[in-house]
Amino acid sequence: MNLPRWLEVFGLSEPPFSKDIADDDLWMPSSKKLLVDELVEAVQSHEHGLLVGEPGGGKTCALRALRCRLPEAGFRLTYCHNATLGRRDFYRQLCVALGLSPKATAAAVFHTISTHVEQLGREAVHPVLLLDEAHLLRQDVLDHLHVLANYQWDQQPLLSIILVGLPELWDSLSLRKNRSLWSRIHHRIAIPPPSLGDTNEYVDYRIRGAGAKTMPFTSDALTTLHEATGGQLRDIDRVATKALRAASRRKLAKVDAELLAGILEADQRAEARG
Ligand SMILES: Nc1ncnc2c1ncn2[C@@H]1O[C@H](COP(=O)(O)OP(=O)(O)O)[C@@H](O)[C@H]1O
Ligand SMILES: [Mg+2]
């Protein structure tokens with residue numbers, strides 16, 4: 001197999017910062033494990049949850065980790081990320097995701113969904129609705145979501161809703177007008193700002209995962225990377241990949257702070273040109 005040169009020179013057998021990371025290979029430091037634990041607990045106790053964090057902070061990956069942690073028998077996960085829909089289309093999409101035929105009116109759709117959810121309840125299968133990019137949910141959907149969230153038998157909700165989105169989702173849910181939904185969300189998690197230690201650990205994890213035996217970044221370069229990206233993983237992936245390529249072109253043994261500063265400047269110029 002012909003490896004690109006930039007991988008070969010750093011002893012990598014594949015691109016280290018690819019977003020196609022397998023579920024089993026996800027990076028799970030104790031901070032991330034704790035938040036996935038809390039999501040697991042929310043779902044196992046048939047409650048609702050909220051997860052917010054900056055873009056590229058690992059929210060969608062946390063949902064993948066949640067899916068891996070739940071036994072397949074007993075839970076039916078439905079993932080929706082098309083959050084910009086109005087109420088009727090939202091419910092229609094939910095029908096499709098649940099494998100039900102979509103109905104014409106919001107009331108018919110709601111009826112179909114609630115019958116389905118009841119049926120799952122009888123089969124002892126707990127449905128879990130994962131709503132990603134939920135900061136984009138329209139107010140008419142939010143207004144109605146508490147009806148779905150409150151759908152219960154014997155005080156036990158028949159469905160767990162996990163809302164995932166940017167930090168502003170927390171702010172809008174805590175507004176007075178959303179209080180009936182907000183009060184039903186018992187598990188509220190905000191991903192804390194990543195530390196320099198997190199960035200170092202993440203880069204090390206992914207570099208090793210791609211087969212390298214030595215670290216191709218100097219510790220100053222990692223500090224610069226952390227400061228420039230705020231530790232957001234998607235930005236780290238992008239900048240670190242550019243830096244490895246550039247280091248290989250310039251025949252450097254490691255990415256150092258100077259090289260990284262140059263990459264960041266070029267990145268900012270490109271962004272300004274937009
Ligand atoms: N737990 C993790 N393990 C490994 N890589 C991760 C993890 N979380 C995030 N990433 C990396 O960061 C990128 C952005 O993460 P993602 O979960 O999509 O962020 P968000 O949904 O918060 O915007 C992913 O494509 C992946 O490369
Ligand atoms: Mg995401």
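First, the conventions. This is a predicted model, in which local features need pLDDT of at least 70 and side-chain atom pairs count only at pLDDT 80 or more, whereas totals for chains, interfaces and linings use all residues. Residues are numbered from 1 along each chain as its sequence is written, while chains are lettered from A and ligands numbered from 1 in the order in which they are written.

On confidence, pLDDT is the predictor's confidence in each residue, from 0 to 100. The chain averages 91, and 97% of the residues score at least 70. Where pLDDT is low, the predicted coordinates should not be read in detail.

Now the architecture. The chain contains 12 helices and 7 strands; these are DSSP runs, with helices being H or I of at least four residues and strands E of at least two, numbered from the N terminus. The C-alpha trace spans about 65 × 40 × 30 Å along its principal axes. Of the 274 residues, 32% count as buried. A residue is buried if 20 or more other C-beta atoms lie within 10 Å of its own, exposed if 12 or fewer, and partly exposed in between, with C-beta atoms placed from the backbone.

Let me turn to the strands. Which residues of strand S1 are buried on each of its faces? His 48, Leu 50 and Val 52 are buried on one side, and Gly 49 and Leu 51 on the other. Because 5 of the 5 residues of S1 (residues 48-52) are buried, the strand is largely enclosed by the rest of the structure. For pairing, DSSP must find at least two bridges between two strands. S1 runs parallel to strand S7 (residues 185-190), joined by 5 bridges, and parallel to S6, joined by 4 bridges. Val 52 stands opposite Ala 190 in S7 and opposite Gly 165 in S6.

Strand S3 (residues 126-131) is likewise mostly covered, with 6 of its 6 residues buried. His 126, Val 128 and Leu 130 point one way, and Pro 127, Leu 129 and Leu 131 the other. S3 pairs in the parallel sense with strand S2 (residues 75-80) over 6 bridges, where Tyr 79 stands opposite Leu 130. S3 is also joined by 4 bridges to S6 (residues 160-165), again in parallel, and there Val 128 stands opposite Ser 160.

Next, a helix. In H6 (residues 139-149), the buried residues are Val 141, Leu 142, Leu 145, Leu 148 and Ala 149. They lie on the same side of H6 because they cover an arc of only 105° around the axis, the arc being that of the directions from the helix axis to the C-beta atoms. An α-helix has 3.6 residues a turn, so residues three or four places apart point the same way. The face of H6 turned away from the buried side carries the exposed residues Gln 139 and Val 147.

Finally, some individual residues. Thr 224 is found in H10 and counts as buried because it has 23 C-beta neighbours inside 10 Å. Its C-alpha atom is separated by 9.4 Å from that of Leu 264, 40 residues apart along the chain. His 46, in the loop between helix H2 (30-44) and S1, has a positive phi near 55°. Lys 251, in the loop between H11 and H12, has a positive phi near 60°, and with 7 C-beta neighbours inside 10 Å it counts as exposed.
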